[in-house]
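Q: Could you walk me through this one? I'd like to start with a single residue and then move on to a sheet.

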Amino acid sequence: MSKKPDEIKPKLQQALYDLAVHAEHLIKTERERDWLPLMRNQAYDLGIHEDVKDAELQSYLDAAERRTNKGQVYRGGQALQASESVFLLDGLIKLGEANVVIGQPKVGKSSFSTGLIAALRDRRETFLGRELLIPGEKMPVLIFGTDQSEGDWLHLLRREEIVREDQTLDPDSADFFCSLESGDEYNFTKDGLRHMKEEIDKHQLPLVIIDSLSSMMEPTGIEENTSRYAQPIRSAINQLRKTGATLLIIHHSVKRPLTWDWITECRGSSSISSVFSWGVLMRWVAQEEDGLARTDKRVGFAGKGRGSNASGGIMAEYLAEGGWTFMDGLEAAQQVERVRQRIMELSGVRASVFDYLTMRTELGADVSTEELATELSKSRSNVSRELNNLKAKGLACIDRMGETGTRPRPFWKLSGAAAEAMSPGGHSFESFDSFDDKINRINKINSQDSTAVPETDPKRIIPPGSPVEVNRDGIWSGGYVVRDGSNPDSITLERLGNPMITLSNQRLEIDVRPCESPFSFAEPQVDW
């Protein structure tokens, strides 16, 4: 005779309760990698293995782990034990806190950590142009470098003299070091974290370098893009902070960061950034093309977090012989990049207006609304509206007011910030073609109309304003300069002194050719 449903339900509830109790016992006594198999065994012994799946078993383990790591609770009248955080490195690294350093591949994250170690060892007052809080006694340093092999680390450690000539670890620089080969012992699993804590507990208020977060999390088997990824990290930080250590945890950014906010550029699940109260973004100041040898090696550092305003940021460079050199603040570079981002968002008529303004500004001239409307075959009101929109974005401004006898006529040009972003030295924050001094470059990327210009061989592009000769029935004569030479098969010229007169669709070396002076004119032809 089968059991009634109302008889089965209490037994199932009791079995689930026993399973939850068993989960608490496992996390206290067993290795983390054995938890899930042992939970499956217990579910089978309780006769509910068909009722609970692995995801539910894991949720029991997660809940049990949270219950064993209860936070401090205070009642009215009790004093809080924590103290306000201070900076070990002003605006970048907080003392006694978990600091995450987010950075692009090969930007110098490990070099930054070894440089900080050397600065503490040498008791420097500043590092990277920022004040360094020097402890009264030597600050112990532990390096969990499980992201790289010992051989790769040796190069970094030797440059900062953290290891001696005989490859002995200098006790004045670091007290503990482990590399990739130790990843099975030191990681963010339950067992690995216990081993880390045992080592850190041997030192008083140390600086702990963890390079990197992904190598520490790999043994957990949790995917980086899932929300569960944050739980072991949060547990590890809670455990390690109890030692009084200052944690510097290195993690990767997205491949090509577009902002200076580490929260936005942090690779993986958004839950990762919620774990840390303070972070620093390291990225190249100039985002050069992938696959090419880097020429601009400036690195920007920008800190941000809870309880502190975002730091102004700094620019520095790591020298080939070792050691960081401070260069300047980051504010100017950030401003140029913000302007560049606004430029890259332009499209359609607005992009065409901006292109023409840029061309005229590069020629040292301004332009009226009427000229723009004629050039673009748009109504004056449409062009005027787009000019005012560019002005509101900080990309255009009125250069002067021309007298007309009635209402003064405004003449426009690029704003100073936009001109800097579009100049050969200012557009290095994104991969504008360094050969392309003509600025249909916005429409190349964004335009959805017929003004978009195809990519061409950069060696055949003629810069705007260049003097040229025009072929008239086999006779070459000057009097024109280039308005748009970005496409050698469709060059646009303008008459010298009268930009309203133009020639379009001119072919390089067939209809038009470069010359030294625009004032060369053909001799009159005489019939004999």
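Q: Where is R400 placed?
A: R400 lies in strand β15, which covers residues 396-402; strands here are DSSP runs of E with at least two residues, numbered from the N terminus. This is a predicted model, in which local features need pLDDT of at least 70, side-chain atom pairs count only at pLDDT 80 or more, and totals for chains, interfaces and linings use all residues. Residues are numbered from 1 along each chain as its sequence is written, and side-chain values use heavy atoms, with hydrogens and water left out.

Q: Why does R400 count as partly exposed?
A: Because its relative accessibility is 39%, and partly exposed lies between buried (under 20% relative accessible area) and exposed (over 50%), using a 1.4 Å probe and protein chains only.

Q: And what does the side chain of R400 make a polar contact with?
A: With the side chain of D366, at 2.7 Å; a polar contact is a pair of N or O atoms within 3.5 Å, where, within protein, one must be able to donate a hydrogen and the other to accept it, and residues adjacent in sequence count only if both atoms are side-chain atoms.

Q: Now the open sheet: in what order do the 9 strands come?
A: The order is β7-β6-β8-β9-β3-β10-β11-β12-β13, with mixed pairing; two strands pair if DSSP finds at least two bridges between them. β7 (176-178) and β13 (324-329) are at the edges with a single partner strand each, so one side of each has no neighbour in the sheet.

Q: How many bridges join β12 to β13?
A: There are 5, and the two strands run antiparallel; E317, for instance, has T325 in β13 as its bridge partner.

Technical notes:
Helix = DSSP H or I, 4+ residues; strand = E, 2+ residues; numbered from the N terminus.
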